[in-house]
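Open the model in your viewer and keep the sequence panel beside it. The tour moves from one selection to the next.

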Amino acid sequence: MTVARPFKIPRSVLVVIHTPALDVLLIERADRPGFWQSVTGSLDALDEPPAAAASREAEEETGLGPAQGGVLTDWQHQLDYEIFPQWRHRYAPGVTSNTEHWFGLELPAPCVPVLAPREHVAYAWLPWQEAAERCFSPSNAEAIRTLPLRFAR
């Protein structure tokens with residue numbers, strides 16, 4: 001018997017994993033070769049706090065988080081964007097936009113992530129400028145470009 005998956009909630013998190021030197025971890029999507037991104041994911045429940053979703057998604061997708069010495073920061077920024085047509089089937093009929101909440105996860109130094117193989121197939125630690133250029137998502141690139149302003153040392 002097949003159990004129907006519920007539709008995704010159109011509220012999500014973006015987690016930019018970075019070091020104090022502003023090197024950024026990008027991961028390549030398994031379902032879209034060449035599509036590089038930061039950690040992303042939808043809330044699992046309407047009442048799930050975005051910070052909890054950010055921590056959960058970082059752990060699920062990379063094995064990284066506060067338990068590995070990371071510091072999760074809510075960037076107090078959200079934006080609405082149009083869901084790419086190829087991914088709209090994951091949402092309820094008629095849902096075309098998503099609200100994304102931005103977070104940073106600062107790690108002491110680059111490390112080897114443990115990727116979720118169904119979601120991501122490769123990773124790269126890159127200087128923030130190069131990471132922003134490699135992202136396929138304009139909002140992800142924009143978030144990375146704010147790093148120097150957020151973490152000027």
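Start with the largest pocket, which has a volume of about 900 Å³. On a 1 Å grid over the protein atoms alone, a pocket is an open set of points where a 1.4 Å probe fits, with protein on both sides within 12 Å along at least five of seven lines; lining residues have an atom within 4 Å of a point. Grid points are joined across faces, edges and corners, and the volume is the space filled by probe spheres set on the points. Select Lys 8, Arg 29, Thr 40, Gly 41 and Arg 90: of the 33 lining residues, these are the closest to the pocket centre.

Before going on, note that this is a predicted model: local features need pLDDT of at least 70, side-chain atom pairs count only at pLDDT 80 or more, and totals for chains, interfaces and linings use all residues. Residues are numbered from 1 along each chain as its sequence is written, and side-chain values use heavy atoms, with hydrogens and water left out.

**Around the pocket**

Colour the lining by class. It has 14 charged, 10 polar and nine nonpolar residues. Here Asp, Glu, Lys and Arg count as charged; Ala, Val, Leu, Ile, Met, Phe, Trp, Tyr, Cys and Pro as nonpolar; and the others, Gly among them, as polar. Now select β1 (11–18), β4 (39–42), α1 (50–62), β5 (71–82), β6 (97–106) and α3 (138–145); each supplies at least two lining residues. Helices (H or I, at least four residues) and strands (E, at least two) are DSSP runs, numbered from the N terminus. Which element gives the largest share of the lining? That is α1, with four residues.

Select β1. Seven of its eight residues are buried, so β1 is largely enclosed by the rest of the structure. Buried means under 20% relative accessible area (1.4 Å probe, protein chains only). Two strands pair if DSSP finds at least two bridges between them. β1 pairs with β6 in the parallel sense over eight bridges. Show Val 13 opposite His 101 in β6, then Ile 17 with its bridge partner Leu 105. On β4, four bridges join an antiparallel run to β1; look for Leu 14 and its partner Thr 40.

Move to β6. Nine of its 10 residues are buried, so β6 too is largely enclosed by the rest of the structure. Nine antiparallel bridges pair it with β5. There, Leu 79 has Glu 100 as its bridge partner.

Next, select β2 (23–29). Seven bridges join β2 to the antiparallel β7, with Leu 25 opposite Trp 125. β2 also pairs with β3 (residues 36–37), antiparallel, over two bridges. β2 and β3 form a hairpin with six residues between them, and Gly 34 in the turn has a positive phi of about 90°.

**The cores**

Finish with the largest nonpolar core, 19 residues. A nonpolar core is a set of buried Ala, Val, Leu, Ile, Met, Phe, Trp, Tyr and Cys residues joined through side-chain atoms within 4.5 Å. Show Val 16, Val 24, Leu 26, Trp 75, Ile 144 and Leu 147, which have the most contacts inside this core. α3 gives the most to it, three residues. A second, separate core of 15 residues includes Val 13, Val 15, Phe 103 and Leu 107.

Definitions and conventions: Buried < 20%, exposed > 50% of the residue type's maximum accessible area, 1.4 Å probe, protein only.
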